[in-house]
Amino acid sequence: MNGLSTVFILVGLFLLGGVYSFWKQQLPKSLLVLLSIGSAMCLLAGVMRLEVWN
């Protein structure tokens, strides 16, 4: 696990926490969708950069 994959995974988890927080505040659904897509992309990029796949 290198540094960049760790950063991607941590940012993805941070954004996922933001999705949960915004959902609890009843903010607009379009904002939740945009934030969740960003979170999923960061988590996917972090997992794909792991050395397990080689």
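The model I am reading is a predicted one. I then looked up the accessibility of Ser-39: its relative accessible area is 2%, so I recorded the residue as buried. Setting aside neighbours within four places in sequence, I found Ser-39 in contact with Gly-12, Leu-15 and Leu-16.

I next turned to the helix pair. Helix 1 spans residues 3-24 and helix 2 spans residues 29-48. I noted an angle of about 160° between them, with the axes 7 Å apart. The crossing of helix 1 past helix 2 is left-handed.

I listed the residues where the two helices meet. Helix 1 contributes, among them, Gly-12, Leu-15, Leu-16, Phe-22 and Trp-23. From helix 2, the list includes Lys-29, Leu-35, Ser-39, Cys-42 and Val-47. Sorted by class, this contact has 16 nonpolar, seven polar and one charged residues.

Finally, I looked for aromatic pairs. The search of the whole structure returned one, formed by Tyr-20 and Trp-23. I recorded 6.2 Å centre to centre and 40° between the planes, a tilted arrangement. Both residues belong to helix 1 and are three residues apart, so about one helical turn separates them. For Trp-23 I noted a relative accessibility of 45%, which means that this residue counts as partly exposed.

Notes: Residues are numbered from 1 along each chain as its sequence is written. This is a predicted model: local features need pLDDT of at least 70, side-chain atom pairs count only at pLDDT 80 or more; totals for chains, interfaces and linings use all residues. Side-chain values use heavy atoms; hydrogens and water are left out. Axes are lines fitted to C-alpha atoms, for helices over the stretch in contact, and angles run from 0 to 180 degrees between N-to-C directions. Helices (H or I, at least four residues) and strands (E, at least two) are DSSP runs, numbered from the N terminus. A crossing is left-handed if the near helix is turned anticlockwise from the far one by less than a right angle, and right-handed if clockwise. Contact means heavy atoms within 4.5 Å. Ala, Val, Leu, Ile, Met, Phe, Trp, Tyr, Cys and Pro count as nonpolar, Asp, Glu, Lys and Arg as charged, and the others, Gly among them, as polar. Rings of Phe, Tyr and Trp (its six-membered ring) pair if their centres lie within 6.5 Å; planes under 30 degrees apart count as stacked, over 60 as edge-to-face and the rest as tilted. Buried means under 20% relative accessible area, exposed over 50%, partly exposed in between (1.4 Å probe, protein chains only).
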